[in-house]
Amino acid sequence: MSKIKGENFRVFVGAIAAANAIPEATNCSCSINGNTEDSSTKDSEGLYALQTMVSKSWNVQVDSFEATAAELKAIVTAFNGAAPTTVGWDQTAKTAGGQNRTPVSASFKRSGQAILNDVTFTFNDRATVTTSLQYQGTGALS
């Protein structure tokens, strides 16, 4: 089993397809959380607490270089719309002209509906504009 390199882990907005990879991504992270609570009763055996999953959540954060005004406008429009969109992740492979955006349907590929809930633009002097996008999952991952 080969190890996955960070350059081959990409986040997609919309259907998982090469055209929907976040362009010029420099960093991404995906968090999947499960919240449990003690559900022990008198019928539970032993001294250990019986834990039950009561809620699950997930979110995705992506940092990238976004250089055009049209891309920045699209991000603000998506943020203002606050409508869930499909967000997912997959392993990618370099193909001719593919810019390492071609998904390979890895075993850990997941997607779900999420809301763009946090946007940060960084405008440093004499530097390319950078963005940080955070999506909050609104349902189950498939």
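Residues are numbered from 1 along each chain as its sequence is written, and side-chain values use heavy atoms, with hydrogens and water left out. Because the model is predicted, local features need pLDDT of at least 70 and side-chain atom pairs count only at pLDDT 80 or more, whereas totals for chains, interfaces and linings use all residues.

Helices (H or I, at least four residues) and strands (E, at least two) are DSSP runs, numbered from the N terminus. Two strands are said to pair if DSSP finds at least two bridges between them. Strands β4 and β6 pair in the antiparallel sense over five bridges, and in β6 the residue opposite Trp89 is Arg110. Strand β6 also pairs with β7 in the antiparallel sense, over eight bridges. Here Leu116 has Tyr135 of β7 as its bridge partner.

The interior can be described next. A residue is buried under 20% relative accessible area, exposed over 50%, and partly exposed in between, for a 1.4 Å probe and protein chains only. A nonpolar core is a set of buried Ala, Val, Leu, Ile, Met, Phe, Trp, Tyr and Cys residues joined through side-chain atoms within 4.5 Å. The largest such core has 13 residues, and those that touch the most other members are Val11, Trp58, Val60, Val87, Leu133 and Tyr135. Two or more residues each are given to this core by β1 (9-13), β3 (51-65), β4 (85-93), β6 (110-122) and β7 (130-137). Strand β3 supplies the largest share, three residues. In soluble globular proteins, nonpolar side chains tend to be buried together.

Ser64 is found in strand β3. With contact taken as heavy atoms within 4.5 Å, and residues up to four places away in sequence not counted, Ser64 touches Ile22, Pro23, Glu24, Ala25, Thr26, Val129, Thr130 and Thr131.

Aromatic rings form a further set of contacts. Rings of Phe, Tyr and Trp (its six-membered ring) pair if their centres lie within 6.5 Å; planes under 30 degrees apart count as stacked, over 60 as edge-to-face and the rest as tilted. By this rule the count is three aromatic pairs. One of them joins Trp58 and Trp89 in an edge-to-face arrangement, 6.2 Å centre to centre with 70° between the planes. This pair links distant parts of the chain, since Trp58 lies in strand β3 and Trp89 in strand β4, 31 residues apart. Both Trp58 and Trp89 are buried. Another pair, between Phe121 and Phe123, is tilted, at 6.1 Å centre to centre and 50° between the planes. Phe121 counts as partly exposed at 26% relative accessibility, while Phe123 is exposed, with a relative accessible area of 56%.

The structure holds one salt bridge, the term denoting a side-chain nitrogen of Lys or Arg within 4 Å of a carboxyl oxygen of Asp or Glu. The partners are Asp125 and Arg126, whose closest N and O atoms are 3.3 Å apart. Asp125 is exposed, with a relative accessible area of 63%, and Arg126 is exposed as well, at 79%.

Arg126 also draws attention through its backbone. This residue is found in the loop between β6 and β7 and has a positive phi of about 60° although it is not a glycine. Most residues other than glycine have a negative phi, and most peptide bonds are trans. Ser105 likewise has a positive phi, near 55°, in a residue other than glycine. Ser105 is placed in the loop between β5 (102-103) and β6, and at 51% relative accessibility it counts as exposed.

The cysteines complete the account. A disulfide is a covalent bond between the sulfur atoms of two cysteines, and the criterion applied is a pair of cysteine sulfur atoms within 2.5 Å. The structure holds zero disulfides. The closest cysteine sulfur to that of Cys28 is in Cys30, and because the separation is 5.7 Å, it is too far for a bond. Cys28 is partly exposed, with a relative accessible area of 22%, and Cys30 is partly exposed too, at 26%.
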